[in-house]
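Dear colleague,

I am passing on the structure we spoke about, and my notes follow it. Please read them with the coordinates open.

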Amino acid sequence: VYADDVIAYDTMPDTAEGELRARNRMTLRNITGTLSRRQLLNPIRFPGVACALISHKLLRWLTPLFLIWLLMATLAMAPRGHFYLIVLLGQLVFYMLALAGWLRDRSGKSVWPIASQAYSFLIANLGFLLGLRDAMGRRRITAYR
């Protein structure tokens with residue numbers, strides 16, 4: 001509903017939980033909006049728009065699935081060579097840093113910069129994953145939380 005006499009204020013989330021809810025909500029709304037205009041994803045009919053939507057929206061929303069697939073693939077491939085083992089160890093270090101960031105955040109302590117980056121990345125991608133799940137379940141947002 002549009003009302004031109006209304007003034008709205010918005011604030012940025014200041015907690016990880018708030019950021020997660022915001023990412024989930026934004027992803028759900030964006031996916032729902034994009035899928036309601038599927039014809040824009042046709043690269044033959046709308047090459048510029050389709051390319052932008054696919055590269056800047058769709059692939060970003062699918063990143064959590066790519067991360068899960070990458071972890072599963074490197075787990076399966078690690079016994080086959082040093083390269084795969086190194087990639088797997090790198091991923092595990094990244095996830096451990098994110099876990100450390102989460103634990104420090106929950107304890108009220110300041111989060112180390114590198115752990116903060118990993119933690120923030122995973123919070124954003126968890127929000128994308130939840131938004132994707134909600135969109136596929138045809139959930140609708142009727143009010144902001």
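Predicted model: local features only at pLDDT ≥ 70, side-chain atom pairs only at ≥ 80, totals over all residues.

Residues are numbered from 1 along each chain as its sequence is written, and side-chain values use heavy atoms, with hydrogens and water left out.

Helix α3 (residues 82-106) packs on α4 at an angle of about 95 degrees, with the two axes 7 Å apart (helices are DSSP runs of H or I, at least four residues, numbered from the N terminus; axes are lines fitted to C-alpha atoms over the stretch in contact, and angles run from 0 to 180 degrees between N-to-C directions). That makes α3 roughly perpendicular to α4 (65 to 115 degrees). The contact (heavy atoms within 4.5 Å) includes Phe94, Trp102 and Asp105 of α3 and Tyr119 and Phe121 of α4.

Helix α2 (residues 47-77) also packs on α4, at about 105 degrees with the axes 8 Å apart, which makes α2 roughly perpendicular to α4. Among the residues in this contact are Trp61 and Leu65 of α2 and Phe121 and Phe128 of α4.

As for the second largest pocket, α4 (113-136) and α1 (16-35) each supply at least two residues of its lining, and α4 gives the most, with five. Among the lining residues are Asp105, Tyr119 and Ile123 (lining residues have an atom within 4 Å of a point of the pocket, an open set on a 1 Å grid over the protein atoms alone, where a 1.4 Å probe fits, with protein on both sides within 12 Å along at least five of seven lines).

Best wishes

Technical notes: Parallel < 35°, antiparallel > 145°, perpendicular 65-115°, else oblique.
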